[in-house]
Amino acid sequence: MAHSAAAAYDKLIFELSSPGRVAWSLADADVPEADARTLLPAKHLRSEAPALPEVSEFDVVRHYSRLSRMNYAVDTHFYPLGSCTMKYNPRINEDMARLAGFARLHPLAAEAVAQGALQLMHELARDLAEIAGMDAVSLQPAAGAQGEFAGVLMIRAYHRSRGEKRTKVLVPDSAHGTNPASTALAGYEVVEVKSLANGEVDVDALARTLDTDVAAFMITVPNTLGMFEPRIVEITELCHARGVQVYMDGANLNAILGITRPGDLGFDVCHFNLHKTFTTPHGGGGPGAGPVGVKAHLEPFLPVPVVTKAGDAYALDWKRPKSIGKLQAFWGNFGMLVRAYTYIRTMGPDGLRAVSDNAILNANYIMKRLEKVYDIAVPGPCMHECVLSARRQKKLGVTATDIAKRLLDLGFYAPSTYFPLIVEEALMIEPTETEAKETLDQFCDAMIQIARETETTAAVIHDAPLTTPVRRLDQTKAAREPDLRWSRRP
Amino acid sequence: MANVPKDLKYTREHEWAKQEGDSVRVGITAYAQEQLGDVVFVELPKVGAKVTATKNFGVVESVKAVSDLFAPISGEVVEINGELSQKPETVNQDPYGRGWMIVVKPSNKGEWDQLLTAQQYEDFLARAAH
Amino acid sequence: MASRYIANTADEQKRMLGVIGAGSIEELLVKIPAKVRLARPLGLVPAMAETDLIRHLKALAGKNADADSHVCFMGAGSYDHYVPSPINHLVSRGEFFTAYTPYQPEASQGTLRTIYEYQTMIAELTGMDVANASIYDGASSLAEAALMAHAVTARNEIVLSRGVHPLYKRVTATYCEGPGIRLRDAAGPDGVTDLEAARKVVGAKTAALVIQTPNFYGCLEDVAVAAEIAHGAGALLVVVADPVNLGVLEAPGKLGADIVIGEGQGLGVPLSFGGPNLGVFAAKKELVRRMPGRLVGATVDSDGARGFVLTLQTREQHIRRAKATSNICTNVALCALMATVYLATLGRRGLVRVGELSTAKAHYAAERLTKIPGISLRFAAPFFKEFALKLAKPPERVVTRLAKQGFLAGVPLKSFDRALADCLLVAVTEKRTKAEIDGFAAALEKAVA
């Protein structure tokens, strides 16, 4: 047994509860305090206090500190998750988002007393539009998936405004799952388009599929194999010639900052994942932010409200009759917008260009170092990420999952596995620009070691992970007998 | 090669069908459950529902995959395997026996002849493997 | 100039290119057609040094009237509740905030355990069987609940009480457009829903009846009667509730709710100009396979030790794609962690105390403010921590004037409901002191005089 010290801890906060302990501090009532029971009709009142834990403040701090140590995170481990852009999260971003003027600002504060926040939003939208070559940006979507949803709804509204009834959206088989899900949610039939073996769009097949029922074609650039789509301009022109709008999933924007722009490639809509390219933290799954950029012909359909500027005054414009409506109760994940704004100002135009250059360099370096021991999905050069296939290893009984688990033991988080779906035993590696060469070398050494172990001592891979707080978990049991909340054992 | 009983008929989507008097019992093949891995959930239609040959009648799920179930034959569902809601693993353990899914009263007996024979299904699997 | 977020030096770049076999980074970009290459630098403000940038952002932040610089009586879905200090410190641990979604469970037990705790706490507060790991905000949670009710019942109408937050309704309308779900209103002229009128609207086509309590105007609704109406028609009851109130107010699940959603911002999440917020989503266990969003479940590892994983993932977009229960991927996990630490800190008795103090202070404030000539309570129905005042002067002007005196006086209702153009929605949390309320009353008295 090689479990780390973290493994010794197996508590949930409920199991620390000791009746009578408190971790809170509230002043005694300074108003004449009537019992809630006399203020409110009894039928509205809870008959029993909720079964929440009773612990001390130090219990809280130690418990969650110990739990935090059971995670691998960008701060502690190289995190080469493809398509996720796990780059360093700058600390100044966190400080700025916590300034009281931002963090303690009420969303319905009158515009006159929220000018700083509105100015920041206006400038960020303008910056994102410049970065993507778009004419207008809405900051409202809470995440990439909501950005996609908004984008597809705008396309739908656009076609309708022209009296066109198009019913289908084309999505490649290599797409992120949110693409078809968001498209279906917007009321479209999703038609999956087969990619060529190298992950590129089959332009001839596309041309045959683009009929008058097709509203949009939705693709990721660079694609999910980490490759730039070489015929992209031809594709967007072909779509436009058939009245089809083209949507770019901006998940991989980190590869093209200052190099090329979705708008210049011919895209009508694209979304941004601020939690990928623009360093807002992933937070264990969120919050993120998924602003959506559009060309001028789609601008009337942007979600309401839109931040506008007249003279020196900023305002929220609600009078937009063609708008698709609202996506969030308020204006967007503002805390994330402050972070992204801070990052863009920190980097400037040259810095952002250097981001993509180094992201591309790092990914190509990894691909080169690993191409002899693993199959590569597509020959390089790649953009900001590369996709390997463990098909050679699988013949020896070692799967992509096994490799991922072994990497955990060797001190690295795992690449994305089994995505894109079109690559057998896929291992998708995105190093990002913030990692140093020595880290990339250590990771490549570990990958090479695992390839060697596959041929010699595969048991060590199958047993992995041994050093994590728990070993491989029984996913089948979790799904067959769902246990989704704690209860005191009888 | 996966077990393919001779007395059953098959679909290309890996369902089996068994003639039982006036009714047809339906399940998924040993090959299908192997491909899927540990089955964790099966969603079946209600008794009385109508199913249509080659059309979806339910869903079978493993931890990380979802597979639609396709009816081998059109008709009315007269029985469903209630045990699967509590013990989905039965599909893995005994796909041709206790892991059956629905019994259909066929509305178009002609469809029976459209189904693959055991030999045809075995050939189909052999081709798919190459 | 070198960037502090990029490690590669020019020399290291050269060595890496040597391994790759390329002469320059430019050579790696060969697949990008020359005609679409950006031939100029991006038109952005040049890079700023850290100290200059801090100065700039502090200046922007300083232009805003926040709840530190002003005494906050604003609510309408976003509240100035007590935030215990440990929350910010714990969510600022890099091990939490720089981790990804816990797809590799062995290396993500910290996040998974906190989500499991969160699910347990939310299920307990709402009186439901299961809670998910979060949706974006209260509004998108309501939209997801409407879609879920539509999927569960195969019916096409959602009946929404007039007391449901108007902005939540707008978001729900956006989400219901694609599937063609029709939204219908149930009237609420007296501050609470006219349930007998609702009974006539809810019928065989109704997928769900949605009721919010306390509602947008602060008034308490009769959830049990709403449940009877919904269930009588074979529809689901969706209740919109603020979980921070549920230390004192009855769990909607006990009153018959099938789905409970809400905005969890009050549970230790910063106001942050409205986002990120915390979309709470809980349901009965029969509905779990139609639920949107991530779920964490307990299981065991290969040694038999307790461990946690993301489970029932076949509902989600990365597996079911176009047929997923929702398109949600990224959620608001870190806000859910704030809520978890908040609820651990407040615990069984603290949350009750927050509710008792909020309602006591709100009732004191209502009494004090309605003694002012020209101010009255707009609605007679019982309220919890928020109430609508009818003012003799235009609320917008009153708000502007009070902001200059250090008060965020409340939310004018005109933009939400023209019929309430003379009304101001005032929220009072446990944080407000008697001195603040009295000071507010004095300032308000002058403003409406």
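Predicted model: local features only at pLDDT ≥ 70, side-chain atom pairs only at ≥ 80, totals over all residues.
Local features need pLDDT of at least 70 and side-chain atom pairs count only at pLDDT 80 or more, while totals for chains, interfaces and linings use all residues. Residues are numbered from 1 along each chain as its sequence is written, and chains are lettered from A and ligands numbered from 1 in the order in which they are written.

**View 1. Chain C meets chain A.**
Here 173 residues of chain C are in contact with 172 residues of chain A; contact asks that the C-beta atoms of two residues, placed from the backbone, lie within 7 Å. On the chain C side, helix H11 (residues 333-369) gives the most, with 25 residues. Helices (H or I, at least four residues) and strands (E, at least two) are DSSP runs, numbered from the N terminus. Sorted by class, this side of chain C holds 95 nonpolar, 48 polar and 30 charged residues. Nonpolar covers Ala, Val, Leu, Ile, Met, Phe, Trp, Tyr, Cys and Pro, charged covers Asp, Glu, Lys and Arg, and polar takes the others, Gly among them.

You will find C:Ala362 in helix H11 of chain C. C:Ala362 counts as buried because 27 other C-beta atoms lie within 10 Å; the cut-offs are 20 or more for buried, 12 or fewer for exposed, and partly exposed in between, with C-beta atoms placed from the backbone. Leaving aside residues up to four places away in sequence, C:Ala362 touches C:Phe383, C:Phe384, C:Lys385, C:Glu386, C:Phe387 and C:Val428. For a sense of scale, the C-alpha atoms of C:Ala362 and C:Asp137 are separated by 25 Å, and the two residues are 225 residues apart along the chain.

**View 2. Two domains of chain C.**
Domain 1 of chain C spans 71-82 + 348-448 and domain 2 spans 86-341, with bounds from an automatic or database domain assignment. Their C-alpha centres lie 28 Å apart. Across the boundary, 22 residues of domain 1 are in contact with 21 residues of domain 2. On the domain 1 side, the elements giving two or more residues are H11 and strand S12 (386-391) of chain C, and H11(C) supplies the largest share, 6 residues. That side divides into 14 nonpolar, 5 polar and 3 charged residues.

**View 3. Chain B.**
Chain B has 4 helices and 9 strands, arranged along the sequence as β-β-β-α-β-β-β-β-β-α-α-β-α. Its C-alpha atoms fill a box of roughly 35 × 35 × 20 Å, taken along the principal axes. Buried residues make up 40% of the 130 residues in chain B.
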